[in-house]
Amino acid sequence: MTPRPGFVLEVDRSTPPILFWHGERFVLERLPEGSRVIYAPEPLSALDDPSAAIRHALRNPLGDRAPLPALLRPGMRLTICFDDVSLPLPPMQAPDVRQLVIEEVLDMAASAGVDDVVLIAALALHRRMTEAELRHALGDRIYEAFAPHGLLTQHDAEDPDNLVHLGTTDKGEDVEINKRAATSDLLVYVNINLVAMDGGHKSVATGLASYQSLRHHHNPRTMVHSRSFMDAPSSELHTSNWRMGRLIADSGVKIFQIETTLNTDTFPSQFGFLQRREWEWSLRDRATYMATAAALDRTPPRVARQVFHSIRAPHALVSVQAGEVEAVHAVTTANVWRQQGVEVRGQTDILTMGLPYISPYNVNSIMNPILVACLGLGYFFNLYRGMPLVREGGVVILHHPTPWEFHPGHHPSYIDFFEDVLSDTTDPVEIAKTYEESYATDPWYVHLYRTGHAYHGVHPFYMWYWCAHALDHLGRVIVVGGDPAAVRRMGFSPATSLDDALEMASDVVGRSPSLTHIHTPPLLLADVR
Amino acid sequence: MKALVFERNLPRFAASRVASVLGSGRGAAVGPLRLLETDPPELPGDGWARVSPLVSGICGSDLATLDGRSSRYFEHLVSFPFVPGHEVVGVLESPAGSIEAGRRVVLEPVLGCAARGIEPPCGACADGLLGNCERIGFGHLAPGLQTGYCADTGGGWSRAGLVAHRTQLHPVPEDLSDEDAVMVEPVACATHAVFRASLRDGETVVVLGAGTLGLAVVAAISTLSSRGRVAAPGALLAGAKYPHQRRLAEELGATAAVDPAQLARAVRRRSGSLAIGAPGSAGGALTGGADVVFDCVGSADSITQSLAMVRPRGRVVLVGMPGRLHVDLAPLWQREVALVGAYAYGAEPAETGTTVRTFDLAFEVVAAHRLGRLVSASYPIERFEEAVQHAGAAGRRGAVKVVFDLRPTRARADVPDAPGPDAQ
């Protein structure tokens, strides 16, 4: 049966309560009549034979690239880079797409007699992956073949001996990336393109870059002018990455780009109700929801967190394309929109969203308040093309417990950022000017990033900058059910219930506002016209 | 006349110690402190005068005594029975030196050589360093470190008054309220501690604890450094457990005030230190850290925390009164940290070769910040059990300084009476 496309529901009297994520819980909220609820398209059908599709893509590249086997020869230096633990969300059931793709690449390399092969996790300034996470992404066979010999590495943006400055763009942007990758005869980059902003020149120009390079586009000015991240031609972030990517290509780095898209089959069958439209819930869905919600209500948050982070998504591969970066990415982006795009007419006064337990930066970790803000205002707010779902001066209502809690090993600088920086100012421009440099160069953060599993010291700044467009655009941000102190620290307003939040929003948008709800999961992209 | 009298009574002392397990100040009802009819103390000799207390504070050392937590070190430095109360503003009943009768005075309670009639004075007293008196416990007075621990002098928790040597008295400027004035003694302790730290310009300074002493240290540093009397720190961080303490610390001049659990992190950030283990965690320590830490708590935990965030060769100044503690001093040894005691007051270095009395500086600090605002609640001595309990839980109950109000007619404008028993 053909998957149904996305859909915008107008709430009427017969509409049942709508499911909202609330961290490690769910709640059902009855929305005012006339509200709109945006549902994603149903998951596309999986490719029947993913490995065959991958081989086909490698042998039939897009754009100005020869087939991969023709690029491989004995004695060459081959570097295979891959997206890190931040993709996909939740982590997918084994075998991971990265494993499937890299196995095919390695088979072709072996057939061609290539024996200088290094794998690099393209971390940028993210935390280093654990052995378990690497094994999950690559499979035990690849891990055992490479890791013990030091041939499976993780990009270190603070290792001066393994960075190379390739030049400066015409806009003055330093392009400094991983030396092994840049000096290889061929750089193969394996992407998982969960959303439209992933991939393209951003893969290498960001994933393998240093702080000196990243700061040119990860800053408040660029973020405010990225409208949105999901629409590359309108994204200053992507424009900067494209400039850098072309400079990388012009400097002689040969990249063979592989991009994959997954369907939105996000949760296992026991959470099937999450993917269905509420009025179509079966008796079994209702019973499962009630049992799950009741169990979660009685489960300590820490235990619930462990349970949710153990979930592996049944994502399936729906497209794979390979070849020259820009040609590949154009097709990939179209495929992402095919899976996630929903046409939406006009903006709204109030945009509501239920935020889940996971974001790209807290896989197997804690969703701290800064990540809550980033997920809501940096990601969900930006799930649009054309114009924001919410009008300028409108209100976003987030639904999340927003605990004042941090993972000390993964997010050490976040703790200080939350305590010291946000207590002083929440203005991204002021924050960048006053605090960024000292956090970015703090030797202890650098040490933890390089030797532990900590995000780089500057990373919480980037999370806050992701929110810059939304903070610039919105009249108010309200968090339902959040820790009041944590919510206020970020300059947002806490509300105990959705009704309270709507009452509070009326101060900004009047007493008869329009309301739109982004229904997730699965992820969707709103084409707002 | 009623006075609160602390008697040597071992069963009550034991009962107090047991009750204080439930919380500081809980032992007041069963301990050796009793409200009794007493006569005014005799004048010990020439140069002594009577003082009628107006307001008298409850100090952390008073609480330690009432809780039975004081070190046995002090056993020979007190005499029983005594009337507690060494933070005192009162009215002078007869002339004392150049101070005329009827003036409000603040008591400098240390009983040094002059008060004890010892001639010639010891070297410390000759230099004005009363807190370091080498004849303490001798002379014509019964033993007692200070007024408030001496059987011969009376104390501030009394309507019967106390006696004070003229060298112990400081006239109160007219523009200072009684509440401001009662803060002078604890601020003098804090001021002396600041001088004991030998601050240097640009140093990172930490004040751990934001009760009366901690806040007074913050106020003293900000006032004295702004007037060039001590070096100006580059950053002044306060570790304050409660929101009202954090607010006050920042109002008084702290660069930042954070929860003590986050203090090591804040110090690490500002000092550019690395860390062994997570900052603030058990066993965690900074490799660098603050130049100076003022420990205004005086517990094993606070000393341990101070040692974990002071830099090698830094200074930890013990301002809060410690007792017998179990502390791992390995970091002190390995990092060559100077652990500096800071008791009471006396004289501090001023311009080259001169000194200034600590109390004179304390008056400046109190006036600059109007520190009477730290007086959060006042009680009549008849409600001493509630008062002591309130003082023992001051931070948790949103208070800083709790005092006894001994004024015959309430002249206070801005300090609410503590609610009466019916209201509690």
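Two strands pair if DSSP finds at least two bridges between them, and strands themselves are DSSP runs of E with at least two residues, while helices are runs of H or I with at least four, both numbered from the N terminus. The model shown here is predicted, so local features need pLDDT of at least 70 and side-chain atom pairs count only at pLDDT 80 or more, while totals for chains, interfaces and linings use all residues. Residues are numbered from 1 along each chain as its sequence is written, and chains are lettered from A and ligands numbered from 1 in the order in which they are written.

**View 1. Strands S1 and S4 of chain A run antiparallel.** Here 4 bridges join S1(A) to strand S4 (residues 36–39) of chain A.

**View 2. Seven strands of chain A form an open sheet.** Trace the order S1-S4-S19-S14-S16-S17-S18, with mixed pairing. At the edges sit strand S1 (7–10) and strand S18 (493–495) of chain A, each pairing on one side only. Neighbouring strands of this sheet are turned by 25° against each other on average, direction ignored (axes are lines fitted to C-alpha atoms, for helices over the stretch in contact, and angles run from 0 to 180 degrees between N-to-C directions).

**View 3. Helices H14 and H21 of chain A lie across strands.** Helix H21 (residues 498–509) of chain A lies across S14, S16, S17 and S18 of chain A, and runs at about 170° to S17(A).

**View 4. Domain 1 of chain A touches domain 2 of chain A.** An automatic or database assignment sets the domain bounds: domain 1 of chain A covers 7–42 + 340–528, and domain 2 covers 50–262. Between them, 30 residues of domain 1 are in contact with 28 residues of domain 2 (C-beta atoms, placed from the backbone, lie within 7 Å). Among the elements giving two or more residues to the domain 1 side are helix H16 (428–440) and helix H17 (443–451) of chain A.

**View 5. Chain B is also divided into two domains.** Domain 1 of chain B spans 2–182 + 370–423, and domain 2 spans 187–347. Their C-alpha centres lie 27 Å apart. Helix H2 (residues 60–66) of chain B gives the most to the side of domain 1 that touches domain 2, with 3 residues.

Definitions and conventions
Two residues are in contact if their C-beta atoms, placed from the backbone, lie within 7 Å.
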